[in-house]
Amino acid sequence: MCTSIAMKTNDFYFGRTMDLDYELNTSVVITPRNYPIAFRRSRVLRRHNAIIGMASVVDGYPLYAEAVNEKGLCMAALNFPDNAYYSPKEDPRKTNVSPFELIHWVLGQCDSLEETRRLLDSTHLVNIPFDNKVPLTPLHWHIADPTGSVTLENTDSGLNLYNNPVGVLTNNPAFQFQLTNLCQYMNLVSGYPKNCFSSLDGIAPFGQGLGSFGLPGDYSPSSRFVKASYLLLNSVCAPDDASSLSQFFHLLDSVSIVRGSVLSQDENCDATTYACCVNATRGVYYYKTYGNSQFTAVNLRHENLDTDLLRIFPLAVSQQIAWAN
């Protein structure tokens, strides 16, 4: 359960919630240009775009959940159970890439969505786990830059790349259903609603916000997709960085999961373990965790990007408070 959002004001912003019933051992990780990125069925990228994002580092390899490269291209992996399919067979006509390598494969080489489309045309996702202890996760991907968003889904029908005009992605069902489902909410308005019920006198709103009556508030993926889409498409904020950052996290907060409100099949508490927003224009990655609602920032451009060593920033998970006295 996760939600990702792409938003454009003066700068371009991209981020997501990470909703899990367990804690990931993650850090903010910078992969510099000369860190050798190895692929199981392809060449080693010895020189590539620098990347920053949230990752678990296993045996020196950053397994990114979401990331942005130095050119402003963003990518997030979201859970897609029962629908994701990874072929056990390699395709000799294309470059065979494992899903855990895909963020590196795209962000390491592409500077834009246009280049991403071309690269994915010659890419085949193949079922190769990281190792015996780290199996593949069923995923689909949200990819975005200032020109727009796409959704990448690999199902038993093949690799499908969809235009994403909303700039939002959640989980199941498949993306085409999520877009179609928005049609059921065309009556929602952010303004003062008119009486379309009948010509009867005396039917009038009894409070503010009734134009959005019927907007889903539950935590299911389809409801989060509708709610995040409605709020994003009706979002009003000043175009400066501080205002945009604040607005973006308010959007994420609207679909964040409070611990105890959603239980897994194993009776574990699902919760938004972290939420992040990257200013992809400036290369600044912001995040907050469930236990620490204060923003923490890591600036890609404050680091030496021409080294071959990962830069790892452990998460600030204890609540930070700015005391006024």
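By class, how many nonpolar, polar and charged residues does the lining of the largest pocket have? In this predicted model, the count comes to 28 nonpolar, five polar and four charged residues. The pocket itself has a volume of about 870 Å³. Its lining takes in 37 residues, and those that lie nearest the centre are Met18, Tyr22, Leu24, Thr137 and Leu139.

Where does that lining come from? Several elements each supply at least two residues: the strands S2 (12-20), S4 (51-58), S5 (61-69), S6 (74-79) and S9 (139-145), along with helix H1 (102-109). Of these, S4 gives the most, with five residues. With the pocket in place, the sheets around these elements can be taken one by one.

One of them is an open sheet of eight strands, and it reads S11-S10-S9-S6-S5-S4-S3-S16 with antiparallel pairing. Its edge strands are S11 and S16 (311-314), each of which pairs on one side only. On average, neighbouring strands here are turned by 30° against each other, direction ignored. As a general point, strands of a sheet pair through backbone hydrogen bonds, either parallel or antiparallel. Four strands of this sheet, S4, S5, S6 and S9, turn up again in the pocket lining. Helix H1 lies across S4, S5, S6, S9 and S10, and it runs at about 45° to S5.

S9 and S10 pair in the antiparallel sense over five bridges, and a hairpin of two residues joins them. Within this pair, Trp141 stands opposite Leu152 of S10. S10 then pairs with S11 (residues 158-163), again in the antiparallel sense, this time over six bridges. Here too a hairpin makes the link, passing from S10 to S11 through two residues. Leu152 has a bridge partner on this side as well, namely Leu161 in S11, while Glu153 stands opposite Asn160 in S11. Is S10 (residues 148-155) mostly buried or exposed? Seven of its eight residues are buried, so the strand is largely enclosed by the rest of the structure.

The other open sheet has six strands, in the order S12-S1-S2-S13-S14-S15, and its pairing is antiparallel too. At its edges stand S12 (168-169) and S15 (292-299); each has a single partner strand, so one side of each is left without a neighbour in the sheet. Further in, S2 and S13 (residues 271-279) pair over eight bridges in the antiparallel sense, and Tyr13 stands opposite Asn279 in S13. S2 also belongs to the elements that supply at least two residues of the pocket lining.

Notes
Residues numbered from 1 in each chain as written. Predicted model: local features only at pLDDT ≥ 70, side-chain atom pairs only at ≥ 80, totals over all residues. Heavy atoms only, no water. 1 Å grid on protein atoms, 1.4 Å probe; cavity = no way out; pocket = protein on both sides within 12 Å on 5 of 7 lines; lining within 4 Å. Points joined across faces, edges and corners; volume = space filled by probe spheres on them. Nonpolar A, V, L, I, M, F, W, Y, C, P; charged D, E, K, R; others polar. Pairing = 2+ DSSP bridges. Buried < 20%, exposed > 50% of the residue type's maximum accessible area, 1.4 Å probe, protein only. Axes fitted to C-alpha atoms, helices over the stretch in contact; angles between N-to-C directions. Contact = heavy atoms within 4.5 Å.
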